[in-house]
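Subject: Structure handover

Hello,

Here is the structure I said I would pass on. My notes on it follow below.

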Amino acid sequence: MAHEYDVVILGGGTGGYVAAIRASQLGLKTAIVEKGKLGGTCLHKGCIPSKALLRSAEVFATAKRSEDFGVMTGDISVNFGRVQERKEKIITQLHKGVQHLMKQGKIDVYEGIGRILGPSIFSPMPGTISVEMNNGTENEILIPKNVIIATGSRPRSLPGLEIDGEYVMSSDEALEMKTLPDSILIVGGGVIGVEWASMLSDFGVKVTIIEYADRIIPTEDHDISKEMQRIMKKKGIEMITGAKVLPETLVKDQGVTVSAEVKGTVKEFNADKLLVSVGRQANTEGIGLDNTEIQVEKGFIVTNEFFQTKESHIYAIGDVIGGLQLAHVASHEGIIAVEHIAGKNPSPLDYHLVSRCIYSNPEVSSVGMTEQEAIETGKKVKVGKFSFRAIGKALVFGESDGFVKMIADQETDDLLGVHMIGPHVTDMISEAGLAMVLNAVPWEIAHTIHPHPTLSEAIGEAALAVDGIAIHG
C-alpha cells in the first residue's frame, strides 16, 4: 500500500526525530523510517549510555577518596552488572520519551529499512521510499514530496584490527561488556578514546592509549591537550603518541598482543582487550543512493548550506554528511532542513559557533578557534588563562585541575575562541557559545557578574586575564 507524505525521514536518531518534530510543528505530514530503535546511536550506543557509565566511574573514583571529604566508607567495589542495569534504565526512560513525542506529533514511524527508489510509477523523480519491514510483512511504499536522509554513522574499523566483540571491540561492543577487563589497549586518542580511557581508568582498569598524532585529542587547543595528558598520566594512564599500530602483528590468545612503530622503534603491547577508536563512517550503503544523482565524496553525502543534495527535494543531515559528527549539530541541521522545506528561509548553520564537549574526567569543552588556528589565519591574538586552583567552588568539589582559556583578536577585541578543561566545563561552555553568537568581546563577559562561589567565575576571570587584569590570578 502506498502512503503520501510531505516529508519522510530515513533514520530516527537525534537528527532524524528532531527534524520530524519540527516538521510536525510546521504542519507537514511526516514519517520516520527506523531499522532499529528511535533515538539512534546517540541514545542507544553513544552519548547517553557512555555518559551513564562515565558517571558511575566518576562516583567510584570520588568514593575512593571520600576520606578527603571526611567521609569514611571502608572498602568499596564496583558491581558492574548494576552499573549496566542503571545505564539500561536511563536508556529505556529516554526511549519511551521519544516514542511519546512521535505520538504527540502524529508522526508515523515505520520500523524497517528504507530505500530510495528511482523514477517509477509512483513518481517521475527519485525519492519514493520502499520500506522493508522488520516484522516481515509486505514492503510499505512511501511517496514523499521531500526526503531527509539521517542514517547516521557507525564505528570505523582498521584493516587487520577487525572487530570480533571478544578481544577486539569498537565502542558498540564495549558498551555491552558484562565484566570489566583488568587491562585494555585503546587505539586512538581522540574524543571517544579519551572518554573510554578516563572511564575505564576510574573503574580501576589499566589503560594504554596508542595515538598516531603527536598528542592526544589533537583537534583541541594545544594547551588543553597538554593539560589532559598531564592529568591522565597522574591517573596512571599510559599514553603512546606518534605511534603507528601494526595490525599484522595482532595476536589473540587469552588477551591481545599488538605492536606499534614509535619513533622508528617497534614496541609490543599486551592487554586483556583492545578498543578500536579511530572515528566513525557514514551509513550510506543500502539506502538507494545509486538510484539518484546524489553525490558522495570520501564516504559522505554532499549537500549545500541548507542540506539539499544534488536532488533538491532530498536532504541529508547529521553524521552521514560528515563535518562535526555531534548529536546537537545533527539536530540543528535537521531543523534548518525542515524549515527550508517549509519555505521559512532559515539562516545557514555557522559551524564556527558550535560548542564541542569531551565527557572525560576532567571534562573538556570548547567553541571557536584554537590559539594555533587563529594565528594560522594571520590574526594577532591575546590570550587569557585562569586556573581552577584559584576558584573556591573547585576546591570545595575537590577538583581543582584545569583552566579556562580565552582567545581574542588583539586588533578588534573580538572573541575568537574559548577552551576549558576541568570540573563540569561541559555545563559551562554555553555561556561562551552565546558570547560567540552575539559577537561579544572579553570586556562584556568580564562585566557579566558571575555568582560566588561558582565554577563559572573562572570564565569571568579568564576574560579579565585577556587584558592582564584578572582579580584572583
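Setting aside residues up to four places away in sequence, Ala408 touches Lys380, Val381, Lys382, Asp413, Asp414, Leu415, Leu416, Pro442 and Val466. Please bear in mind that this is a predicted model. Ala408 belongs to strand E22, which covers residues 403-409. Ala408 has a relative accessible area of 0%, so it counts as buried. Thr241 lies 167 residues from Ala408 along the chain, and their C-alpha atoms are separated by 30 Å.

The second residue I looked at is Leu246, in strand E11, which runs over residues 243-252. Is Leu246 buried or exposed? Its relative accessibility is 13%, and the cut-off for buried is under 20%, so Leu246 counts as buried. Apart from neighbours within four places in sequence, Leu246 is in contact with Val258, Ser259, Ala260, Glu261 and Val266. Val418 is 172 residues from Leu246 in sequence, with 37 Å between the two C-alpha atoms.

On the cysteines: how many disulfides does the structure hold? The number is zero. Cys357 is in no disulfide, and the nearest cysteine sulfur, which belongs to Cys47, is 11 Å away. Cys357 counts as buried because its relative accessibility is 15%. Cys47 has 28% relative accessibility and therefore counts as partly exposed.

Now the protein as a whole. There are 13 helices and 23 strands. The C-alpha atoms fill a box of roughly 70 × 60 × 50 Å along the principal axes. A compact globule of 473 residues would have a radius of gyration near 23 Å, and the protein agrees with that at 24 Å. Of the 473 residues, 53% count as buried. Among contacts with a separation of 6 or more, 61% are between residues 24 or more positions apart.

Regards

Note on methods: Residues are numbered from 1 along each chain as its sequence is written. This is a predicted model: local features need pLDDT of at least 70, side-chain atom pairs count only at pLDDT 80 or more; totals for chains, interfaces and linings use all residues. Side-chain values use heavy atoms; hydrogens and water are left out. A disulfide is a pair of cysteine sulfur atoms within 2.5 Å. Buried means under 20% relative accessible area, exposed over 50%, partly exposed in between (1.4 Å probe, protein chains only). Helices (H or I, at least four residues) and strands (E, at least two) are DSSP runs, numbered from the N terminus. The radius of gyration is taken over C-alpha atoms; the globule rule is 2.2 Å times the number of residues to the power 0.38. Contact means heavy atoms within 4.5 Å.
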